[in-house]
Amino acid sequence: MSDATKKDLVIIGGGPAGMSASIYAQRALLDAITLEQQAFGGQVLQTSEVDNYPGVPHTDGYSLMEAMRQQATDLGACMTTTNVESIERGEDGRFVVTTPQQAYDARSIILAAGAVPRLAGFEGEKEYVGRGVSYCATCDGMFFRGREVFVIGGGNSAVEEALFLTRFASHVTLVVRKDHLRAQRALAKELEDTGKASIRFLTSIVKVDGQTAITEITFRNNEDGTQTTDTFEQGVGVFVFVGRVPTSELVRDYVETTPAGYVITDAHMATSTPGIFAAGDVRDTPLRQIVTAASDGAVAATAAAAYLGVPVYE
Ligand SMILES: Cc1cc2nc3c(=O)[nH]c(=O)nc-3n(C[C@H](O)[C@H](O)[C@H](O)COP(=O)(O)OP(=O)(O)OC[C@H]3O[C@@H](n4cnc5c(N)ncnc54)[C@H](O)[C@@H]3O)c2cc1C
């Protein structure tokens with residue numbers, strides 16, 4: 001494409017993986033750009049408590065990611081808010097990365113597009129988004145001040161977010177499909193200690209209903225299959241934390257993925273297509289956290305620089 005802007009590297013996604021890649025790309029003096037479709041910071045912006053990022057004992061998601069963005073910008077990183085619509089691979093080994101505003105002619109790409117919430121799949125879920133159903137406690141918790149809230153999920157994210165919601169809600173019920181939690185014990189204990197939460201094991205929500213807000217929830221007992229419907233005078237919140245789905249559609253035609261869509265990479269974050277790297281939650285990795293995403297981004301940018309012939313390993 002002749003009018004496309006030429007770049008050494010296009011980084012797709014401005015979460016911790018993309019931000020770290022952009023810092024390392026600057027350090028390697030690459031002509032790089034980072035494209036983010038929503039807010040620079042990624043999923044981390046959804047959490048109000050981050051306690052496990054080394055060197056930062058206690059912070060909130062926004063502060064941590066704003067510090068990363070500022071650090072990248074101070075180093076001269078080029079960052080633009082736009083949505084990458086497609087990637088095309090040319091015969092010369094270059095890539096055309098297309099956004100609504102312009103196209104980039106890139107010698108290499110780092111896909112750091114992360115993951116999005118998995119839907120729980122109950123009746124009314126999509127219909128009630130913004131009217132009671134939410135995937136972000138930090139964003140929507142305050143709308144449920146003094147109200148009852150249900151949190152679906154049994155992993156760390158679900159318990160962390162349930163804990164956060166106890167600050168606002170009159171009561172938080174964790175709805176867990178299985179007979180146990182997958183979350184760390186310390187977190188579960190913290191939730192219990194609030195005195196404002198309870199857990200319904202072996203239970204799923206099958207339907208939500210109401211007028212403008214959710215005032216009816218139908219639960220299924222997963223042991224015997226029976227269903228019961230609870231009604232509420234005031235609208236309640238249903239927060240869903242049942243996992244994430246990788247945002248890998250952009251590269252599915254070019255790279256190997258797991259059946260679930262996670263991009264397979266080697267230790268250098270290289271995919272099966274030379275020039276395409278992947279970092280963070282979008283890739284097949286045993287741990288998906290801020291620290292691992294940042295680490296992946298650093299490795300990916302360093303490997304991209306090596307691919308482009310910049311001697312960064314010495
Ligand atoms: C509620 C919650 C709480 C969490 N708490 C913690 C915690 O306490 N500690 C911890 O270590 N981890 C935590 N995590 C996990 C952590 O947020 C993720 O592991 C991390 O954000 C992954 O970073 P990433 O850069 O790979 O992806 P993401 O953070 O998902 O960033 C990817 C970015 O790519 C953008 N993007 C996607 N597609 C496109 C496109 N086509 N064009 C342009 N941009 C695109 C997205 O908008 C997004 O901003 C939490 C996650 C959640 C959801």
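## Helices H1 and H2

In this predicted model, H1 passes H2 in a left-handed crossing. The two helices pack at an angle of about 20 degrees, and their axes are 9 Å apart; with angles under 35 degrees counted as roughly parallel, H1 and H2 are therefore roughly parallel to each other. On the H1 side the residues that take part are Pro 16, Met 19, Ser 22, Ile 23 and Gln 26, and they meet Met 68, Arg 69, Gln 71 and Ala 72 in H2.

H1 itself has 12 residues, and the distance from its first C-alpha to its last is 17 Å, close to the 16 Å expected at 1.5 Å a residue. The helix is mostly covered, since 10 of its 12 residues are buried, and these buried residues are Pro 16, Ala 17, Gly 18, Met 19, Ser 20, Ala 21, Ser 22, Ile 23, Tyr 24 and Ala 25. Their cover includes the strands E1, E2, E3 (79-81) and E6, together with the helices H2 and H6. After H1 comes Leu 29, which has a positive phi, near 60 degrees.

## Helices H1 and H6

H1 also packs with H6: the axes of these two helices come within 7 Å and cross at roughly 35 degrees, and the crossing is right-handed. From H1, Pro 16, Ala 17, Gly 18, Met 19, Ser 20, Ala 21, Tyr 24 and Ala 25 take part, and they meet Ile 290, Ala 293, Ala 294, Asp 296, Gly 297, Ala 298, Ala 300, Ala 301 and Thr 302 in H6.

At 1.5 Å a residue, the 18 residues of H6 should span 26 Å, and the 25 Å between its end C-alpha atoms agrees with this. The buried residues of H6 include Ile 290, Asp 296, Gly 297, Val 299 and Thr 302, as well as a number of alanines, among them Ala 293, Ala 300 and Ala 304. E1, H1, E6 and E16 are included in what covers the buried residues of H6. H6 is followed by Gly 309, where phi is again positive, in this case near 90 degrees.

## The nonpolar cores

The largest nonpolar core has 53 residues, of which Ile 109, Ile 110, Leu 111 and Phe 277 touch the most other members. At least two residues of this core come from each of the strands E1 (5-12), E2 (32-36), E5 (95-98), E6 (103-111) and E16 (276-278), and likewise from each of the helices H1 (16-27), H2 (61-74) and H6 (290-307). H6 gives the most, with nine residues.

Leaving aside residues up to four places away in sequence, Phe 277 touches Ser 108, Ile 109, Ile 110, Met 269, Ala 270, Thr 271, Ala 300, Ala 303 and Ala 304. Apart from this core lies another, of 35 residues, and its members include Phe 122, Ala 137, Val 149 and Val 151.

## Helices H4 and H5

A further helix pair is formed by H4 (residues 156-165) and H5 (residues 185-193), whose axes come within 9 Å and cross at roughly 25 degrees. That makes H4 roughly parallel to H5, and H4 passes H5 in a left-handed crossing. In this pair, Asn 156, Val 159, Glu 160, Ala 162 and Leu 163 in H4 meet Leu 187, Ala 188, Glu 190 and Leu 191 in H5.

Conventions. Residues are numbered from 1 along each chain as its sequence is written. This is a predicted model: local features need pLDDT of at least 70, side-chain atom pairs count only at pLDDT 80 or more; totals for chains, interfaces and linings use all residues. A nonpolar core is a set of buried Ala, Val, Leu, Ile, Met, Phe, Trp, Tyr and Cys residues joined through C-beta atoms within 7 Å. A residue is buried if 20 or more other C-beta atoms lie within 10 Å of its own, exposed if 12 or fewer, and partly exposed in between; C-beta atoms are placed from the backbone. Helices (H or I, at least four residues) and strands (E, at least two) are DSSP runs, numbered from the N terminus. Two residues are in contact if their C-beta atoms, placed from the backbone, lie within 7 Å. The expected span of a helix is 1.5 Å times one less than its number of residues. Axes are lines fitted to C-alpha atoms, for helices over the stretch in contact, and angles run from 0 to 180 degrees between N-to-C directions. Angles under 35 degrees count as roughly parallel, over 145 as roughly antiparallel, 65 to 115 as roughly perpendicular and the rest as oblique. A crossing is left-handed if the near helix is turned anticlockwise from the far one by less than a right angle, and right-handed if clockwise.
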